[in-house]
Amino acid sequence: ALIRRTVRRLHRSRCSFTFCCCAGPAPPPARQPRRQVPPEERVCLRIGNKVFFTDETQVVKWSDYCSPLAYKPGEPYKLIAEASIDNFSNLGIAFMEDRLQMDNGMVPHKIVSVHLQESTLKELGQVAPSVKEERNVSSTQMNETTPAATFGTTVKSGLEIAASPGDPESEEEKSKLEKESKHEDESSSLSDKEIGPGEHHHLHLSSCRECLQLENSTIESVRFASAENIPELSDDCSSKLEEKNDNYTAREVKRINLAGKPPNILIYVGSEASKVEFEQVKSILQECIDRDNYTIYQLHEEQVLKAPWIDNALLLVIATEEPISEENHQQFMKFLSKGGKILGFSSSFTFDGIQIKRKNKLKKIVHELVVSQLDNTEIKLDFLISGCIFEEVMKENIGKVKPLSRLSNADRDIVIVHLPYGDSGGEAILCQVHLEWDINSMDIQTKDDFNTLKMSNSKRYEVLKEILTSLGLSCELSEIPVLTPLYLLSSDEEIHLAFLKWLEQNVDAEGLIESSKLSLKFVSSCESKMEITPSLMSVITQMGSFSSEHFSLETYQQNLQTKKLGKILLFAEVTTTTMNLLDGLMFKLPEEMGLIAIAVRQTQGKGRGGNVWLSPVGCALSTLHITIPLYSNLGQRIPFVQHLVSLAVVESVRSIPGYEDIELRVKWPNDIYYSDLMKLGGVLVNSTLIETTFHVLIGFGFNVNNSNPTICINDLIKKHNKKEGTQLKALTADCLIARTVTVLERLIDIFQEKGPNGVLHCYYKYWVHSGKQVRLHSEEGPIAWIVGIDDCGFLQVHEEGKGIESVHPDGNSFDMVKNLVVPKRS
Ligand SMILES: O=C(O)CCCC[C@@H]1SC[C@@H]2NC(=O)N[C@@H]21
């Protein structure tokens, strides 16, 4: 696991390395490793003749490298500290390698660089006198353990200025720092400029806007500080660094990425632009790029000519149909000549061998276009274009201009071009396709247009990623999120207490319930050192301490109206898969305590047939445990469970007053569809028969609030509101999971009482197959009509002259797109 993690961390360093055993480097100053690891157990990473230590036991104590200034108890525990650039890098490296610990044993999960102003520090002293004490103590410690921080490498000046007034050295530092801070303001931090003087927060912690922006750049600087210890910077980059003005601070140098520029992306949305336009373009970019690697800022009109953004940005996105002024055009060209990259969205910005031609009749119509990719393959998609196209002009430059996409019309109009510029690697990709538009906010005239655009949505992302990648940006998936502890939550206090009582009798001395897939360790509250791995997870049993941005227990409780199902809940912000969480409990827990696992994100989501189930925020992710007696209507027809669950998901929405016409449907055997067009959810059922009882784990996942890259329930609600003039509210995963479980319990009860006929009329009402034809066996096979579901839950088809037969519900044998089915072999 250590090697895998290390490889993942180094993935971007683009260098080869070997793992080896070695004696390892000397331990960090003034701290011994907690446990002396025998040399043969130490894992090292060797690149050329450099050896890097990756042993997890080399714990770095936080206070060895910085002096704490202030802290905020509670959850999350927050601490502000001061460190030199070098020590900040050391902290960063230890943090990235999971070796950093606070003195009390807590493990930090986020480091954010903050600007503290003099006034802030004063206030801090007034509101928290203890802070000063802590600072003095820690500063002493710091002096003992690390050489005095040299001035030029201080991370944040504001703290240092207030440190010891009157001290001549400090005074000198203060004036230098003031200069430095001024320079920093001018040269690097666009975010500072965006914040007006009155808007500064007292403590810039991770909840404030500035810090959120800074956070990205800090993660970035930490990443590069960490990577910097491993590969040598390429020649290209170092030569660029040398060229840089001497005034460049060490902090900026650390932020230089391998392309030689700070990882900033600027978006210019014109002079009249509103924040909304900027946010829209920013949001689509963030969904495509590796967001931990880049910081996105708005380039305001007044900054185009003044701010020194040209040296501080990797990519400029021009997303305005406004004409570009001559001065701005020159400035953009200067950026290109210095190796900058430009991405144009429906903008009049062009240069050299290309010009814009207006074709108004193309506007507001969905067009098919063909996009050439780097590997010479083509993607066809349907999208809106701006009403302009590109034309090649200067013959001598024609070789340089590369059309990347043309419309599939008679003129084969060019709508995306690639243009290189200068000798420093400058280049632009200019698009007249509205790849940056959010489908939900588009003025779409017809249902067909909505459907066509939504069906092309994932291809739009593919094309955008392709464009961004060819401009040198990383669009790889962000790092896998860290697993979080589980929370034990219940539908009410009484059942919670009953569960805790049961738990007392069923855990071992360590609070463990073991199982082959995953052992659960029950703890009453959040502890500093909780073990969370794919095979061992801590479960916090105190409901009072629970809160989540994405899940409201109250909403869940209000919408859960069941006798048994879903009463005891294991909740995780991030887990591997909810399919494993109930493993240790499901066979032991009394039946009335119905178990359910819910997650906000999964790192190893499972789909049918061994597929991966992508599990981003916004997708409802859940696994429910039910028991079914073998000798019962459903026990004798267990494949029906999946149909009942798909139906329950659809009903959970369409049974809400006002939401009856939301186009959500079931597709046999276990998919949830938008109309008969796009899948937005699925069901995965695992059953185990123990004596005469089926223990069934039902995994269901459906898109509730994740519009991209495909479609979600809230898109359908917005579309409905637009068309019908209604104001139906967006729905949430917590509400819909609880409603699904409630509906399912009712459907099971009906099925147990009346058999398939009790529920089939409802299934048929919502299914996508009414009156549909399919081909049997192969694409050339005989045509048959879908007629219904048989008594066991299999699809029934009617073939001309042959009568009715049943077909397999398993695997991918029923391909809706091709309309293929495979007859059941009995
Ligand atoms: O392939 C399918 O259509 C079934 C997908 C089922 C996904 C859900 S999400 C919650 C639960 N946890 C998983 O890992 N898979 C299921």
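Analyst: Tryptophan 309 and phenylalanine 332 are both buried. Buried here means under 20% relative accessible area, exposed over 50%, and partly exposed in between, with a 1.4 Å probe and protein chains only. The model is predicted: local features need pLDDT of at least 70, side-chain atom pairs count only at pLDDT 80 or more, and totals for chains, interfaces and linings use all residues. Residues are numbered from 1 along each chain as its sequence is written, and side-chain values use heavy atoms, with hydrogens and water left out.

The rings of tryptophan 309 and phenylalanine 332 form an edge-to-face pair, 6.1 Å centre to centre with 65° between the planes. Rings of Phe, Tyr and Trp (its six-membered ring) pair if their centres lie within 6.5 Å; planes under 30 degrees apart count as stacked, over 60 as edge-to-face and the rest as tilted. Tryptophan 309 sits in the loop between α12 (301–304) and β10 (315–318), and phenylalanine 332 in helix α13 (residues 326–337), so the pair ties together parts 23 residues apart in sequence. Helices (H or I, at least four residues) and strands (E, at least two) are DSSP runs, numbered from the N terminus.

Tyrosine 763 and tryptophan 767 have ring centres 5.9 Å apart and planes at 55°, so this pair is tilted. Tyrosine 763 and tryptophan 767 are buried. The whole structure has 18 aromatic pairs. One aromatic cluster is formed by Tyr268, Trp309, Phe332, Phe335, Phe349, Phe351 and Tyr421.

Now the cysteines. The structure holds 0 disulfides (pairs of cysteine sulfur atoms within 2.5 Å). For cysteine 475, the nearest cysteine sulfur is that of cysteine 288, 6.2 Å away. Cysteine 475 is buried, at 14% relative accessible area. Cysteine 526 is partly exposed, at 36%.

Next, the ligand. Among the 20 residues around the ligand, Thr577, Gln602, Lys606, Arg608 and Lys679 come nearest; a residue is near if one of its heavy atoms lies within 4 Å. A polar side-chain atom of threonine 577 is 2.7 Å from a ligand oxygen atom. A polar backbone atom of lysine 606 lies 2.6 Å from an oxygen atom of the ligand. An N or O atom in the lysine 679 side chain is also 2.6 Å from a ligand oxygen atom.

The elements giving two or more residues to the shell around the ligand are α18 (578–581), β26 (619–629), β29 (678–690) and β30 (693–703). The largest share, 4 residues, comes from β29.

Terms used:
Polar contact = N/O pair within 3.5 Å; in protein donor to acceptor, adjacent residues only side chain to side chain.
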